[in-house]
Every structure is written in C-alpha cells, then in structure tokens.
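Hi,

Here's the structure I said I'd pass on.

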Amino acid sequence: MKTVNAKRGAALTAIMALSVGLMSACGSDSKTSDSSGSGTKEPVKATLVLNWFAEPEHGGNFAAQEKGFYKDGGLDITLMPGGPSVSATQIVASGKAEFGMANADDILVARQEGIPIVAIGTAFQKSPQALFYHKNSGIDGFGDLNGHKVYVASTASFWLFMKNKYKLSDAQEMKYTGSLVNFVNDPQAVTQGYITSETYTLQQQGVEFETLLNADSGYNIYAGVYFTTEDMIKKHPDEVKAFMTATVKGWDYYKDHSDEINPAIQKQNPDMSLDMMKFSAEKEMDFAFGGDAATDGTGTMSEARWSELQQQLLDVGVLKKKEDISSVFTKEFLPGK
C-alpha cells in the first residue's frame with residue numbers, strides 16, 4: 001500500500017460520494033446505446049477504479065480522457081480514485097465498475113480467492129516501490145538489512161520474498177503506518193516507499209538517503225496492472241479492446257506531454273502540487289516505457305514474468321496452488337494484437 005502523505009490527501013468523502021454515484025449508475029444497463037433512436041451511438045459508460053488517489057502513476061488514463069481517446073473508441077470513462085479503503089478488485093468483481101488497477105501479485109491472490117479477474121495490460125513494466133535507508137547506515141544491499149528496523153507491511157508479498165531469499169531473520173520488523181517520521185528520526189531505520197513519491201518528500205526535508213528497488217531483489221512485478229472480469233471479456237470484448245487501445249495511446253501521449261495533463265490530475269487530487277507531479281512523472285518514465293515496453297510496446301506483458309511471479313508466491317506460501325497462467329493475463333486487447 002502506498003504512503004498516505006500530502007500527495008495523497010484527497011478527501012475520502014469524495015471517493016465515497018463518487019462510489020455512491022457509480023452504484024446508482026450501475027443500476028441500469030450501461031451497455032446499451034442509441035436510446036434516442038437517432039442512429040447515432042452514445043458512448044458506452046464505463047468506470048476504471050484507480051489503485052490510489054489520482055497521481056502521475058495514472059497519467060495515461062487522464063491523458064486518454066483529456067485528449068478524447070476514450071470517446072474516440074466509443075467509451076465514456078469515469079476515473080474513480082482509489083485509496084486505503086477502496087478495493088478495486090472487489091468493486092470490479094461486484095459489477096460496480098468495468099475496469100480496475102492493481103499490482104500483479106494482487107491479481108494472482110484475488111484469483112486464488114475466487115475473484116474472476118484477468119490482467120489486460122500494465123502501466124509499469126516494473127514497480128517503483130523500494131526500501132529507503134539512510135546514507136552511512138552500513139547498508140549496501142538487501143542482505144544488509146539484518147539488525148535494522150524495517151518499517152514494512154508484514155503481509156507484503158515483496159517482504160516475504162526478501163526475508164526468505166536474503167535470510168533476514170534478524171531484521172527488526174516494524175509496523176508500517178504510512179508516516180516517514182520514525183524513519184527520518186532514526187538513522188539506522190529502513191522504510192518502504194515509492195521512488196516516484198517518497199524520494200521527493202525526503203529531498204524536500206533534506207534527508208540524505210539511498211534506495212533498494214524492490215525489483216532488483218528478484219521480485220519484479222508488473223505495477224499498475226489493468227484488469228477486468230472474465231465475464232466482461234466474454235460479453236464485451238470490443239469495449240475491452242477500445243479501453244486498452246485508448247489507454248495505451250494515453251500513456252504514449254503522457255510520455256511527452258505530462259505537464260499538459262498534470263493539471264487535470266490535480267483537479268482530482270488538489271493536495272498534490274504540480275511540482276511534485278512533474279517530479280513523479282519524470283521518475284516513472286523508465287518504469288512505464290523501459291524493459292519489454294521499449295521493444296514490444298506500451299502496456300505489454302509476458303508469460304515468463306507472470307509464471308515467475310506465480311512461482312515466487314507459491315514458494316513463500318502466499319499462493320497455495322498453481323493455475324494455468326493463460327487464465328491470469330491476456331495480451332489480445334493491446335494495440336496491434
């Protein structure tokens with residue numbers, strides 16, 4: 001879970017109000033068009049549940065909305081903010097939204113719990129999540145975390161993987177609250193965070209720190225994964241295709257025009273400054289457009305990566321049984337597929 005700080009100060013009441021509106025909107029069949037009989041199709045209403053409060057990590061979606069890419073594809077998309085009390089997987093599974101965003105490991109866990117969701121593309125080829133530590137604290141790699149206080153969610157799959165791989169039985173696991181105060185005040189402490197977020201905050205506070213990117217531990221998940229339900233894929237494949245085509249186009253536009261789009265993001269999250277958005281957008285570019293995306297296109301995913309993650313989660317006991325990885329993700333809705 002992301003850090004709850006000034007960047008993510010959007011009011012939960014706004015989310016609740018939007019949720020109520022979505023619930024009532026979903027009471028009617030949004031898949032019908034042309035109620036006027038004029039022969040002109042109305043855009044199909046659909047909702048994407050973001051994986052956190054609006055931020056540059058959703059830049060491609062806001063670009064697709066602002067530039068009309070969703071409407072060009074026949075969709076009228078609502079971007080519903082997430083947050084600590086919002087479960088995108090549950091909302092999508094219940095039929096109150098058509099699309100959601102989550103990390104790759106969350107999707108595998110949800111499927112194990114009987115939630116029939118399928119990954120259809122990803123915003124980031126690797127996760128910007130990392131462990132932050134103070135300079136001169138004696139840490140050079142993951143194996144050096146023993147003897148240090150580590151503020152981390154104890155149930156986080158990446159931490160279970162790290163503890164197992166690097167034999168971190170002597171790391172002092174501390175309850176992660178989302179606050180940076182304990183980390184800042186303890187020069188031997190370590191905390192989880194995001195390269196795109198906490199980096200900015202700590203620099204503003206004048207803290208000298210270094211990072212260990214989670215992906216470099218070997219736990220290299222897709223982040224900001226777009227998903228929908230098996231039922232949506234079966235009944236409305238054209239809408240799923242239109243959604244991913246516009247989303248990828250949005251990300252490709254945001255890559256070179258983030259300053260143009262960020263004010264639209266700020267409207268939904270006014271407590272996040274444009275300076276911080278600019279910083280975050282610049283930091284996230286390699287995560288979104290590097291790796292396989294550089295050769296195979298924005299949003300791409302591979303069977304090898306999904307299979308490796310599934311095995312890692314099996315090894316640490318997060319998953320209890322293996323399933324056919326072709327049921328977990330598909331690239332058929334990405335542009336050119």
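This is a predicted model: local features need pLDDT of at least 70, side-chain atom pairs count only at pLDDT 80 or more; totals for chains, interfaces and linings use all residues.

The protein chain has 13 helices and 10 strands, and 53% of its 337 residues count as buried. Its accessible surface comes to about 14,500 Å², with 48% of that belonging to carbon and sulfur atoms. If you take the contacts between residues at least 6 apart in sequence, 79% join residues at least 24 apart.

Now the sheet. Five strands make up an open sheet with mixed pairing, in the order β7-β6-β8-β5-β9. At the edges sit β7 (172-175) and β9 (209-213), each pairing on one side only. On average, neighbouring strands here are turned by 35° against each other, ignoring direction. Strand β6 (residues 149-152) runs parallel to β7, and 4 bridges join the two; Lys 149, for instance, has Gln 172 in β7 as its bridge partner. Helix α6 (residues 157-165) packs on this sheet, where it touches β5 (129-134), β6, β7 and β8 (190-194). The direction of α6 makes about 60° with that of β5.

The other spot I'd point you to is helix α2 (residues 59-66), which is mostly covered, with 6 of its 8 residues buried. Those are Gly 59, Gly 60, Asn 61, Phe 62, Ala 63 and Ala 64. Just after α2, Gly 68 takes a positive phi of about 80°.

Cheers

Technical notes:
Residues are numbered from 1 along each chain as its sequence is written. Side-chain values use heavy atoms; hydrogens and water are left out. Buried means under 20% relative accessible area, exposed over 50%, partly exposed in between (1.4 Å probe, protein chains only). Contact means heavy atoms within 4.5 Å. Accessible areas come from the Shrake-Rupley method with a 1.4 Å probe; for residues, only the protein chains shown count as cover. Two strands pair if DSSP finds at least two bridges between them. Axes are lines fitted to C-alpha atoms, for helices over the stretch in contact, and angles run from 0 to 180 degrees between N-to-C directions.
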